[in-house]
Amino acid sequence: MTHREAIRTARSIVVKVGTTALTTPSGVFDVGRLATLADAIEARMKAGSDVVIVSSGAIAAGIEPLKLSKRPADLATKQAAASVGQVALVNAWNTAFARYERTVGQVLLTAHDISMRAQHTNAQRTLDRLRVLHAVAIVNENDTVATNEIRFGDNDRLSALVAHLVGADALVLLSDIDGLYDSDPRKGGARLISEVSGPADLDGVVAGRGSHLGTGGMASKLSSALLAADAGVPVLLAAASDAATALVDASVGTVFAPRPERMSARRFWVRYAAEASGAITLDDGAVRAVVRQRRSLLPAGITAVSGRFYGGDVVELRSQDATMVARGVVAYDHAELATMLGRSTADLPAEMRRPAVHAENHEWRRAWSLASIDLIWSARSSASAITSSSAGMTVTPCACAVASKHARTAGSARITAASMPGVSSRERNMPR
């Protein structure tokens with residue numbers, strides 16, 4: 001079965017609708033566009049699929065009722081617009097699906113909700129129950145309480161997290177562009193990439209920032225698509241104007257190939273969803289043991305700890321140059337672990353001889369995690385490019401919120417299949 005066939009036959013899908021798909025070119029919220037999308041989604045549900053909708057557009061929907069002339073720039077006004085617009089948005093979805101005698105349910109989430117295990121589980125339970133009750137779940141970021149520091153990035157990353165949360169068989173990202181191009185298609189000469197099945201397919205791709213209407217951009221959509229694909233969910237990126245075709249036979253847009261095996265909920269939570277409470281710095285030998293040999297992290301290989309974390313928290317595992325090589329669930333409190341640095345297991349008391357991070361509880365940064373890409377940001381106010389390597393930053397789906405944030409404020413991102421610190425060339429070419 002091809003990846004497009006997998007999306008076409010998926011029994012459970014998440015459909016992400018971008019702000020530009022719900023607004024006119026001038027930025028006015030358009031209920032007619034929303035109704036057209038609802039028609040396409042209804043046809044898919046009538047064919048037998050369960051659909052969860054992740055809908056942007058709350059802020060845009062609040063602009064006209066508040067008599068604002070344009071999308072607000074300050075956080076407080078954005079939150080106020082979202083508060084008003086969220087009502088209009090969910091009412092529009094409700095009206096659209098009422099034509100088919102369907103009930104909608106609103107689910108507002110923040111990054112914090114997904115990162116905390118208890119809230120993560122509660123959200124999962126709510127979405128599953130809505131499905132059982134045959135209600136259409138309309139998920140959106142809770143903009144009224146979210147801040148710039150904890151935003152998902154125009155719901156792109158949220159949709160990828162929700163796709164895994166509900167065990168979806170596919171994720172469909174609908175926006176104002178008909179697929180992934182190797183450069184800005186508005187400037188001419190761009191090539192459409194029909195399928196992304198490995199790092200080589202992304203070499204040289206330039207991903208731009210978001211529009212003035214939404215906060216996401218191609219960099220955000222790309223990182224979110226790769227996040228979902230790495231979790232085992234096939235992804236289709238297509239234009240909202242092609243929604244009917246995308247949801248019928250998936251013959252349009254760009255498809256992202258998933259990993260062969262579905263990632264477990266716990267592994268996904270550790271790798272992508274959980275907030276890191278601190279960091280542990282490893283020596284070179286420990287990096288090799290954790291990344292290449294998939295072994296547990298012992299105190300002997302730890303050189304430093306930072307942050308206030310406690311046993312059971314998720315922490316980042318970093319190399320000597322501060323590069324994150326893995327994330328894992330730590331077994332000790334920060335104060336306790338600080339007394340164990342560099343000490344062999346034999347020298348420790350019996351109650352401290354457990355691994356600091358067990359092999360079953362850490363997730364190393366894979367080559368497919370954005371292909372160990374380098375992001376080159378085109379600064380708005382400067383002719384010189386700012387490279388991620390010069391800033392010591394490599395962006396992976398674990399850090400896709402960072403990628404989205406920089407893409408929104410700095411311009412576009414160029415992707416190259418660069419070498420990953422701590423991973424051999426053989427491992428970079430291993431099947432996912």
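The protein chain holds 14 helices and 19 strands. Helices (H or I, at least four residues) and strands (E, at least two) are DSSP runs, numbered from the N terminus. This is a predicted model, in which local features need pLDDT of at least 70 and side-chain atom pairs count only at pLDDT 80 or more, while totals for chains, interfaces and linings use all residues. Residues are numbered from 1 along each chain as its sequence is written, and side-chain values use heavy atoms, without hydrogens and water.

**The chain as a whole**

Of the 432 residues of the protein chain, 53% count as buried. Buried means under 20% relative accessible area (1.4 Å probe, protein chains only). Take contacts (heavy atoms within 4.5 Å). Among those between residues at least 6 apart in sequence, 73% join residues at least 24 apart.

| Element | Residues | Buried residues |
|---|---|---|
| Helix α7 | residues 156-165 | ten of ten |
| Strand β15 | residues 324-329 | six of six |

Helix α7 is mostly covered. Its buried residues include Asp-156, Arg-157 and His-164, along with Leu-158, Leu-161 and Leu-165. Just after α7 comes Gly-167, with a positive phi of about 70 degrees.

Strand β15 is mostly covered too. Its partner is β14 (residues 314-318); five bridges join the two, and they run antiparallel. Strands pair if DSSP finds at least two bridges between them. Val-314 stands opposite Val-329 in β15. β14 and β15 form a hairpin, with five residues between them. In that turn, Ala-322 has a positive phi of about 75 degrees.

Terms used:
Buried means under 20% relative accessible area, exposed over 50%, partly exposed in between (1.4 Å probe, protein chains only).
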